[in-house]
Amino acid sequence: MMMPLDGIRVVDWTIWQQGPVCSLMLGDLGADVIKIEERVGGDPGRGMLRSAGIDLAGHPNFYFEANNRNKRSIALDLKQADGVKIVHELIAQADVFVQNFRKGVADRLGLGVAALRAINPRLVYASATGYGPEGPESGDPSFDYLGLARSGIMLAAGEPDHPPLAIAGGIADQMGAVMLAYGVLAALLARAKTGVGQAVDASHLGSMAWLQGLGLSARTMLGTAIPRQSRQYASNPLWNHYRCADGEWLALGMLQGDRYWADLCRVLGVPDAGTDERFNSNIQRACNAGDCVRLLDDVFVTRPRAEWLEHLRHGGDFIFCVVNSVNDLPNDPQVRANDYVTSFDHPTFGPTDVVGIPVRLSATPGQIRLPAPEFGQHTEEVLLELLGYSWDDIGRLRAAQVI
């Protein structure tokens, strides 16, 4: 079946998460992604879990697999002229180059935007950065944690009196990758109209600022960002989350509280609260938020979550859902029904649950075709089949420790 990026070739010179996930997303949509790794050691993401003391015996390296499926790996010494020459030869027939090294590194190795677009003016040159291409700190190194810190999201999550809160899972890296892939797709569309490629940059800072677009817009237009919201004093108690008898949580999402309040009180078994003058309008519930939240806390804690879900689902037209942990997601029926987590037949580990493709295209869907490559697995294949090297050439390059 045809995929959206069939025929697009991506040369991927990235490490860790932010850059690799961008090229993975392009690979999921059908692009041929060739991952260039340093000849000694490769992408440091390959060893991150072991260096953290995590035993991978019998399990995939989830960090590397999550960031590098649908790619081929070629290992090169880019400090040697012949290694750079191979990259230049790949660029001549590529559509996209993705890199996430510190500012200046690519230029020093002959892999900067000017050098590569001189070889191929149609090339889309994509850079994943920390703080954007301009400004006095544009060359500073950045990792996911700093993206969380600099963007303000550490002080947007949690209760008003909490210290800055980290968010697990490489969120700034992931968001930066999503925005860079978005930029690459836009540049490819522009190239289809103009015939010319361009440079694309997406940073931790810019991507995480965009993720918080509503709060940041409040700051720019009203003078203050949307503040952290206390759960115990939620201004709309029907836009809040509550613990049930079994320790599980559920969330209510009813912005237009007046439409639901009386019916909700009936279903919860506290019909008198539906006419209580403290709670009989959005304004009154906001003015008496502490009392209203305490009332709902006291009610929800009397039954396990499954019972409340059943009552809410069949008792009225309410808006609600469970509060999941990441551990819960693979077993969530909606996650499974839409293949947001799906099974992939890994050649080493057999059927393996993996994160699926989040966007569904009805006619040209993406596909998980390949596991993350072994280190340098496709070096010979790429040189022979794409660049026309002979086995003698490969022997010479291997002897010279270029590959």
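These questions and answers test some labels used for this predicted model.

Q: What makes arginine 9 and aspartate 32 a salt bridge?
A: The closest N and O atoms of the two residues are 3.1 Å apart. The cut-off is within 4 Å, so the pair counts as a salt bridge.

Q: Where do arginine 9 and aspartate 32 lie in the chain?
A: Arginine 9 is in strand 1 (residues 9–13) and aspartate 32 is in strand 2 (residues 32–38). They are 23 residues apart, and the pair links distant parts of the chain. In the sheet, arginine 9 stands opposite aspartate 32.

Q: Why is arginine 9 called buried?
A: Its relative accessible area is 17%. Buried means under 20%, so arginine 9 is buried.

Q: Why is aspartate 32 called partly exposed?
A: Aspartate 32 has 21% relative accessibility. Buried needs under 20% and exposed needs over 50%, so aspartate 32 falls in between.

Q: How do you know that glutamate 381 and arginine 72 form a salt bridge?
A: The N to O distance is 2.6 Å. That is within 4 Å, so the pair meets the rule.

Q: Are glutamate 381 and arginine 72 buried or partly exposed?
A: Glutamate 381, at 29% relative accessibility, is partly exposed. Arginine 72, at 12%, is buried. The cut-off for buried is under 20%.

Q: Which residues are linked in a network of salt bridges?
A: Arg9, Asp32, Arg72 and Glu381 are linked in this way.

Q: What separates aspartate 263 from arginine 266 in helix 11?
A: The two are three residues apart in helix 11 (residues 257–268), so about one helical turn separates them. Aspartate 263 is partly exposed at 38%, and arginine 266 is partly exposed at 45%.

Q: How do you know that strand 1 and strand 2 pair?
A: Four bridges join them. Pairing needs at least two, so strand 1 and strand 2 pair.

Q: What makes strand 3 and strand 6 edge strands?
A: The sheet has six strands in the order 3-2-1-4-5-6. Strand 3 and strand 6 (199–203) each have a single partner strand, so one side of each has no neighbour in the sheet.

Methods
Residues are numbered from 1 along each chain as its sequence is written. This is a predicted model: local features need pLDDT of at least 70, side-chain atom pairs count only at pLDDT 80 or more; totals for chains, interfaces and linings use all residues. Side-chain values use heavy atoms; hydrogens and water are left out. A salt bridge is a side-chain nitrogen of Lys or Arg within 4 Å of a carboxyl oxygen of Asp or Glu. Buried means under 20% relative accessible area, exposed over 50%, partly exposed in between (1.4 Å probe, protein chains only).
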